[in-house]
Amino acid sequence: MKSATETKRSVAAFFDLDGTLVPGPSLERRFFRLLRYQRALRARNYLRWMVEALRLAPRGMAAIQQANKMYLRGVRVGEGQAEMCVPQFFPGAMERVAWHAKQRHAIVVVSGTLEPLARAAAIEMETELEARGIVAAIRVCATQLEKQEGKWTGCVIGDAMYGEAKERAVRCMAAEMDLDLRRCFAYGDSSNDRWMLAAAGRPVAVNPSEGLMRIAQHEGWPVLWWGGGKNAKRQETGFTTEGTLRLRSG
């Protein structure tokens, strides 16, 4: 029997963004292409990125991919750019987000992408929920960049939001929001999400990479496919069976 304290504590659903809520290419890659099209990136930015990649190399490829933002040094923080990079969400993803909103669960996007991109995606999700008659405020925890005089410096503030940093962020939010992590949900598509998934009592592997699929099978985690046959990761791993998962109210 649950104690009064446990009953009062809140439930949240933590969602990775790229590959989980939206199809590839990633929001940041879309953003990069937009900046390149707008000629906002200078040649020396690529050199700075390479220098930073060499510095981060001992920490592995994930650090190079997720923590190296030096290509953005000197780029002006523009209005409206982030909104242009948000694709349509997987229909299954929006159904799940709507389900959580109806249960009055807190909804949090935890993503390694740039904070403005994740924020734009969250606003678009709120708009889609509102079209369904559902009002929900979606929190965002993403990679933040330092700004000076309206331009990015390329330096990450705090931790780049990937790997174990996602777990730390989830646990900090659980303390801040008085969440019962044992009753919380977490959704991710990559083995880099495994720490965040393990932190929640109800983890779900969505459109999983080969690495995450192996972990999910070992841990007994439910697996869902929201990619329809167009999800790149799904084609790479060769999985074609639609997954199902019955959810209970938290």
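View 1. Buried means under 20% relative accessible area, exposed means over 50%, and partly exposed is anything in between. This is a predicted model, and in it C155 comes out at 34% relative accessibility, so C155 counts as partly exposed. C141 sits at 15%, so it goes down as buried.

View 2. Search the whole structure and you'll find zero disulfides. Take C141: the nearest cysteine sulfur belongs to C172 and is 8.6 Å away, and C141 is in no disulfide.

**View 3. Zooming in on β2 and β3.** Strands of a sheet pair through backbone hydrogen bonds, either parallel or antiparallel. Here, β2 (residues 106-114) and β3 (residues 138-148) run parallel, with six bridges joining them. Look for L114, whose bridge partner in β3 is T143.

**View 4. The second largest pocket.** This pocket holds about 290 Å³ of space. It is lined by 20 residues, and R59, A67, D159, A160 and Y162 are the closest to its centre. Which elements give two or more residues to the lining? They are α3 (43-56), β4 and α7 (164-177).

Key. Residues numbered from 1 in each chain as written. Predicted model: local features only at pLDDT ≥ 70, side-chain atom pairs only at ≥ 80, totals over all residues. Heavy atoms only, no water. Disulfide = S-S within 2.5 Å. Buried < 20%, exposed > 50% of the residue type's maximum accessible area, 1.4 Å probe, protein only. Pairing = 2+ DSSP bridges. Helix = DSSP H or I, 4+ residues; strand = E, 2+ residues; numbered from the N terminus. 1 Å grid on protein atoms, 1.4 Å probe; cavity = no way out; pocket = protein on both sides within 12 Å on 5 of 7 lines; lining within 4 Å. Points joined across faces, edges and corners; volume = space filled by probe spheres on them.
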